[in-house]
Amino acid sequence: MKNFNGKVAAITGAASGMGRALAIALAREGCHLALADKNPQGLAQTVAQAQAATLLPLRISSQELDVGDRDAMFAWAAASAAEHGQINLIFNNAGVALSSTVEGSSLADLEWIVDVNFWGVVHGTQAFLPYLKQAGDGHIINTSSVFGLFSQPGMSGYNATKFAVRGFTESLRQELDLQGNGVSATCVHPGGIRTDIARTSRISDNVKGFLIDNEQQARDDFEKLFITSAQTAAKVILLGVRKNKRRVLIGRDAHFLDLFIRLLPSAYQALVVWVSRRMAPKPGKARPAVYEPQDERGL
């Protein structure tokens, strides 16, 4: 797929971050959109921004959706295909984060992150694949993470889902290559992207005092790692689709970590443990709270 003009793209997690950036970038290229997210307010803002990004008469539909709900995902795929006449791209982009030890992970938290990060990708792929085949020119783009390339302590649930997306998508791509049906697949591995994931993540009490000082400090530190804008990420992803890449790395951090894992495929774990020990809270040496003035809304 060398251009997106006149094509139809479905995007999950479209209310913010990379999902919104993809919607706007595709709208500028004349691509019709079927957008979905659990956040109806953010979704409406994305629709408005995508419409404002182009003077072309695009069809943009939206749907409040839980990607972990298989029936809802299949219903959305059918409704989108009926409304737009065809579907050419599905971006399984919705994702959440969880910080917890393996021992302390609750079943509810694990089911939550697996439902969104892994089952959401499976449901989206299976729901839209028949329509992509029907169009004869289709592409599936599944979002993994740099944490689908390497693991770190306190992120086992997140790591598990992102490794699963990687394995699922790489197997899917091989099947599509064998079938030669005009549909392809790409697995995306973003590094630190400036999105809302840090603010919406779940942080369990069991990592406090072990890996982090406190929840707010952890979210702040996490956001410091976000070195790439969502707009840049969208450009890299769409370029990867044009080039039919099997894997897309986003950000210099992702490229560095990919090389790091290739050089130290198992030994990297010992280095991660060493760094984690140095960064872990020390008894009696908790970092002081930093006062930040509130705005007039109290935020």
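Which residues does Trp76 touch, not counting residues up to four places away in sequence?

**View 1. The whole chain in a predicted model.** This is a predicted model, in which local features need pLDDT of at least 70, side-chain atom pairs count only at pLDDT 80 or more, and totals for chains, interfaces and linings use all residues. Residues are numbered from 1 along each chain as its sequence is written, and side-chain values use heavy atoms, with hydrogens and water left out. The chain has 10 helices and 9 strands, which are DSSP runs (H or I, at least four residues, for helices; E, at least two, for strands) numbered from the N terminus. Of its 299 residues, 51% count as buried, meaning under 20% relative accessible area with a 1.4 Å probe and protein chains only.

**View 2. The contacts of Trp76.** With contact taken as heavy atoms within 4.5 Å, Trp76 touches Ala10, Ile11, Thr12, Ala34, Leu35, Ala36, Gln63, Leu65, Ile90 and Phe128, when residues up to four places away in sequence are not counted.

**View 3. The largest nonpolar core.** A nonpolar core is a set of buried Ala, Val, Leu, Ile, Met, Phe, Trp, Tyr and Cys residues joined through side-chain atoms within 4.5 Å. The largest one has 41 residues, and those with the most contacts inside it are Met73, Trp76, Ile90, Phe128, Ile140 and Phe150. Among the elements that give two or more residues to this core are strand S1 (8-12), helix H3 (70-84) and helix H4 (107-135), and H4 gives the most, with 7 residues.

Conventions
Buried < 20%, exposed > 50% of the residue type's maximum accessible area, 1.4 Å probe, protein only.
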